[in-house]
Amino acid sequence: MTGTLILVRHGQSDWNLKNLFTGWRNPDLTEQGQGEARATGRALKGAGIVPDLFYTSALRRAQHTLDLILEEMGILNVTITRNVALNERDYGDLSGLNKDDARAKWGEEQVLVWRRSFDVPPPGGESLKDTAARTLPYYEAEILPALKAGKTVLVAAHGNSLRALVMAIEGLTPDEILAREIGTGEPTVYKIGADGTLAERVTL
Ligand SMILES: O=C(O)[C@@H](CO)OP(=O)(O)O
């Protein structure tokens, strides 16, 4: 028996559109972002996926994404679990700054290190390693047991909290995760075996 894990990054947010470091700040989805979330809902429905359990972060853009997916899938009256463990990486002092302005100030390379290195945190914020240190234990305690029992679990979260999960599930190295990007509204679907390891990545 395999479980199914669907990881969805939130749709485009106001701050994605404005090219601002977002982290734990709380912008909502743009109209385009709402459309991306709805399209993912339709794709999941079209693939015949029927989730049993629903998780999201404590941030509006991910919660709104999940709500729109559920609306498109015609799923009503379910319990949604929201937890800060699934929040975006905290961008610390960079939060609210324009990414191009940051590149102009600190240089392309330094900003890339802050954005995509595994263990170098942005000033006052979390590295991907720090993010994984809260996201992974939550996944292992709350989500993995359901997957091992064959359930289908839908998680709507964020670029970097999901990259932390993808790294662990796919067994990627720090170098490999550096190059891994997840687009806004993009779903990643895995079959997880009864032993809790990745059985298959499914293309919708
Ligand atoms: O600003 C952020 O919180 C994230 C996701 O939008 O940005 P980045 O892709 O640079 O990690």
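Analyst: Strand β1 and strand β5 (residues 187-192) pair in the antiparallel sense over 6 bridges. Strands pair if DSSP finds at least two bridges between them; strands (E, at least two residues) and helices (H or I, at least four) are DSSP runs, numbered from the N terminus. This is a predicted model: local features need pLDDT of at least 70, side-chain atom pairs count only at pLDDT 80 or more, and totals for chains, interfaces and linings use all residues. Residues are numbered from 1 along each chain as its sequence is written.

User: Which residue in β5 is the bridge partner of Leu-7?

Analyst: Thr-188 is the bridge partner of Leu-7 there.

User: And in what sense do β1 and β4 pair?

Analyst: Parallel, over 6 bridges, with β4 covering residues 152-157. Ile-6 has Leu-154 as its bridge partner in β4, and Arg-9 has Ala-157.

User: How many residues of β1 are buried?

Analyst: 7 of the 7 residues of β1 (residues 3-9) are buried, so the strand is largely enclosed by the rest of the structure. Buried means that 20 or more other C-beta atoms lie within 10 Å of the residue's own; 12 or fewer is exposed, in between is partly exposed, and C-beta atoms are placed from the backbone.

User: Which residues are on each side of β1?

Analyst: In a regular strand, side chains alternate between the two faces of the sheet. For β1, one side has Gly-3, Leu-5, Leu-7 and Arg-9, the other has Thr-4, Ile-6 and Val-8, and all are buried. β4 is mostly covered, with 5 of its 6 residues buried.

User: What's the strand order in the open sheet?

Analyst: The order of the 6 strands is β3-β2-β4-β1-β5-β6, and the pairing is mixed. β3 (80-82) and β6 (198-202) are the edge strands, each pairing on one side only. From one strand to the next the twist averages 20 degrees.

User: How many bridges join β2 to β4?

Analyst: There are 4, and β2 (residues 53-56) runs parallel to β4. Leu-53 stands opposite Val-153, while Phe-54 stands opposite Leu-154.

User: Which strands does α7 lie across?

Analyst: Helix α7 (residues 159-170) lies across β1, β4, β5 and β6, and runs at about 150 degrees to β1. Axes are lines fitted to C-alpha atoms, for helices over the stretch in contact, and angles run from 0 to 180 degrees between N-to-C directions.

User: Switching to helices. At roughly what angle do α2 and α3 cross?

Analyst: The axes of α2 (residues 31-46) and α3 (residues 60-73) cross at roughly 45 degrees and come within 8 Å. The two helices are therefore oblique to each other; under 35 degrees counts as roughly parallel, over 145 as roughly antiparallel, 65 to 115 as roughly perpendicular and the rest as oblique.

User: Which residues meet there?

Analyst: From α2, Gln-34, Ala-37, Arg-38, Thr-40, Gly-41, Arg-42, Leu-44 and Lys-45 meet Thr-65, Leu-68, Ile-69, Glu-71, Glu-72 and Met-73 from α3. Contact means C-beta atoms, placed from the backbone, within 7 Å.

User: Last one: what does Leu-144 touch?

Analyst: Leu-144 is in helix α6 (residues 128-148) and touches Tyr-139 and Gly-196, not counting residues up to four places away in sequence. With 18 C-beta neighbours inside 10 Å, Leu-144 counts as partly exposed.

Definitions and conventions
Two residues are in contact if their C-beta atoms, placed from the backbone, lie within 7 Å.
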